[in-house]
Amino acid sequence: QLQLVESGGGLVQPGGSRRLSCAASGVTLDYYAIGWFRQAPGKEREGVSCISGSGGSTNYLDSVKGRFTISRDHAKNTVYLQMNSLNPEDTAVYYCAATSRIPVTRSSCLPRVYDYWGRGTQVTVSS
């Protein structure tokens with residue numbers, strides 16, 4: 001059974017950086033596409049960044065392009081989200097999710113294609 005655990009959240013000042021980690025246990029992530037999603041209070045969950053199983057395809061939400069970078073370390077069975085130039089609008093609970101239902105060369109930020117979800121980590125951007 002695949003289990004995902006997010007870490008790295010916390011309080012950060014505007015303009016600061018944070019790196020989130022999504023560690024998997026139980027199954028190797030090699031053939032899973034991974035997505036990072038976030039949900040702010042009163043808002044719907046949105047896809048922030050997603051990466052294919054191969055690592056060769058990535059997607060980013062327009063508002064985070066140029067600021068966030070998704071990457072994966074197959075040896076550590078972990079996926080990262082490097083977040084730079086954070087602003088208060090980035091405040092949310094961040095979730096990682098995994099799916100094996102799409103081709104290993106493709107990425108997707110559609111929540112409905114993901115089967116496994118972590119419990120989330122809170123990121124608060126505030127001075």
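1. Basis. The model is predicted, so local features need pLDDT of at least 70 and side-chain atom pairs count only at pLDDT 80 or more, while totals for chains, interfaces and linings use all residues. Residues are numbered from 1 along each chain as its sequence is written, and side-chain values use heavy atoms, with hydrogens and water left out.

2. Disulfides overall. A disulfide is a covalent bond between the sulfur atoms of two cysteines. Taking a disulfide as a pair of cysteine sulfur atoms within 2.5 Å, a search of the whole structure gives 2. Counting bonded cysteines along the chain, their pattern is 1-3, 2-4.

3. Cys 22 and Cys 96. These two are joined with an S to S distance of 2.1 Å. Cys 22 is in strand β3 and Cys 96 in strand β9 (residues 92-99), 74 residues apart; strands (E, at least two residues) and helices (H or I, at least four) are DSSP runs, numbered from the N terminus. The link is right-handed, with 70 degrees about the S-S bond. Both cysteines are buried, where buried means under 20% relative accessible area, exposed over 50% and partly exposed in between (1.4 Å probe, protein chains only).

4. Cys 50 and Cys 109. Here the S to S distance is 2.0 Å, and the link is right-handed with 125 degrees about the S-S bond. Cys 50 lies in strand β5 (residues 46-51) and Cys 109 in the loop between β9 and β10, so the bond ties together parts that are 59 residues apart in sequence. Cys 50 is buried at 0% relative accessibility, whereas Cys 109 is partly exposed at 22%.

5. Aromatic pairs. There are 4 in the structure; rings of Phe, Tyr and Trp (its six-membered ring) pair if their centres lie within 6.5 Å, with planes under 30 degrees apart counted as stacked, over 60 as edge-to-face and the rest as tilted. One of them is Tyr 32 with Tyr 116, edge-to-face at 6.2 Å centre to centre and 70 degrees between the planes. Tyr 32 lies in the loop between β3 (18-25) and β4 (33-39) and Tyr 116 in strand β10 (residues 116-117), so this pair ties together parts 84 residues apart in sequence. Tyr 32 is buried at 12% relative accessibility; Tyr 116 is partly exposed at 26%.

6. Phe 37 and Trp 117. The ring centres are 4.9 Å apart and the planes at 45 degrees, so the pair is tilted. Phe 37 is in strand β4 and Trp 117 in strand β10, 80 residues apart. Phe 37 is buried at 0% relative accessibility, and Trp 117 is partly exposed at 29%. Ring pairs join both of these residues and Tyr 114 into a cluster.

7. Tyr 80. This residue sits in strand β8 (residues 78-83) and is buried at 12% relative accessibility. Arg 19 lies over the face of the Tyr 80 ring, 4.1 Å from its centre; a charge sits over a ring if NZ of Lys or CZ of Arg is within 6 Å of the ring centre and within 35 degrees of the ring normal.

8. Arg 67. Arg 67 is in the loop between β6 (58-60) and β7 (68-73) and is buried, with a relative accessible area of 14%. Its side chain makes a polar contact with the side chain of Asp 90 at 2.8 Å and reaches the backbone oxygen of Ser 63 at 2.9 Å. A polar contact is a pair of N or O atoms within 3.5 Å; within protein, one must be able to donate a hydrogen and the other to accept it, and residues adjacent in sequence count only if both atoms are side-chain atoms.
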